[in-house]
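Here is a short briefing to read alongside the structure. Have the viewer open and follow the topics one by one.

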Amino acid sequence: MQIRSPKLPPGQERGLVVSIHDVSPRTAGVTRQMLADLAEIGVARTSLLVIPNHHHRGHFQADPEFCAWLREMVAAGHEAVVHGYFHQRESRPGVGLGTRLMTESYTAGEGEFYDLDEAEALARVTQAREEFRSVGLAPVGFIAPAWLLGEQAERAVRRAGYAYTTRIGRVEDLERDEVHRSQSLVYSVRAVWRRVVSLGWNSALLRALGDRPLVRVGLHPPDWAFPQIRRHARKCLRRALATREAITYEDWLGRQRARDDSAS
Ligand SMILES: [Zn+2]
């Protein structure tokens, strides 16, 4: 039996945002496979978190085929989101143990925007957006690598005029200065025990989210190297799709704003 989305009043539809992190020419092959597997189960729209210059290994602008593919994806209903600049945190001398643990253990050195100062963060987020525009893309969201956005970096993202950002536990509408709480499902693949734990955790989290307005599923290209994670993610998504519509962050926030406007 096919379960259909219940008809809810306009603006109260439940959303499912699937985001694919770390999209770049280096991960383009896997990303295409992920999108094909997602489309097969009914997730035709995702937020694609694109790294401008992945680990300093070359800017995506220099890859016309990648740019053309990205434009094609956006035209088909996906969203391009700015995801850091290099996605790598430069090691700095003299930082405290707490910061080191956070940026090196928790994120394996990917916390680029965790402790950047405001000026440097502003330079990177502004440059990134100009570069996206130069290839015909108009991103409105900025999401920090590993969702680690420091205070100064957040100010920079606001100053640059981005409309939203997300963290692991919430979506922040910077235009409206509103926070939508919603914990993201995310898999950890760095060790066997982490993979096992993340399957159980994500199943429990999906159940706990129940009929909240938004369910978020964050996927990373390395997830797809593990068949049990692929299967699990697709199972969770099929379950969520029974009562939810797959949508991008940009459009989900657009609906929330429209709902708030019509209520006031
Ligand atoms: Zn990332």
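Asp173 sits across from Glu178 of strand E6. Keep in mind as you look that this is a predicted model. The points below start with the sheet around this pair, then turn to a histidine and a helix.

**The sheet**
- Strand E5 (residues 170-173) and E6 run antiparallel and are joined by 4 bridges.
- The open sheet here is made of 3 strands, in the order E4-E5-E6, with antiparallel pairing.
- Strand E4 (164-167) and strand E6 (178-181) are the edge strands, each pairing on one side only.
- From one strand to the next, the twist averages 20 degrees.
- In general, strands of a sheet pair through backbone hydrogen bonds.

**His59**
- You will find His59 in the loop between strand E2 (47-50) and helix H2 (64-75).
- His59 counts as buried because its relative accessible area is 15%, and the cut-off for buried is under 20%.
- The His59 side chain makes a polar contact with the side chain of Glu131 at 2.6 Å, and it also reaches the backbone nitrogen of Gln61 at 3.0 Å.
- Leaving aside residues up to four places away in sequence, His59 touches Pro52, Asn53, Tyr85 and Glu131.

**Helix H7**
- Helix H7 (residues 227-241) has 15 residues and spans 21 Å from its first C-alpha to its last, close to the 21 Å expected at 1.5 Å a residue.
- Among its buried residues are Ile229, His232, Ala233, Cys236 and Leu237.
- An α-helix has 3.6 residues a turn, so residues three or four places apart point the same way.
- The cover over the buried residues of H7 includes helix H1 (28-40), helix H6 (192-209) and strand E8 (214-219).

Note on methods: Residues numbered from 1 in each chain as written. Predicted model: local features only at pLDDT ≥ 70, side-chain atom pairs only at ≥ 80, totals over all residues. Heavy atoms only, no water. Helix = DSSP H or I, 4+ residues; strand = E, 2+ residues; numbered from the N terminus. Buried < 20%, exposed > 50% of the residue type's maximum accessible area, 1.4 Å probe, protein only. Polar contact = N/O pair within 3.5 Å; in protein donor to acceptor, adjacent residues only side chain to side chain. Contact = heavy atoms within 4.5 Å. Expected span 1.5 Å × (residues − 1). Pairing = 2+ DSSP bridges. Axes fitted to C-alpha atoms, helices over the stretch in contact; angles between N-to-C directions.
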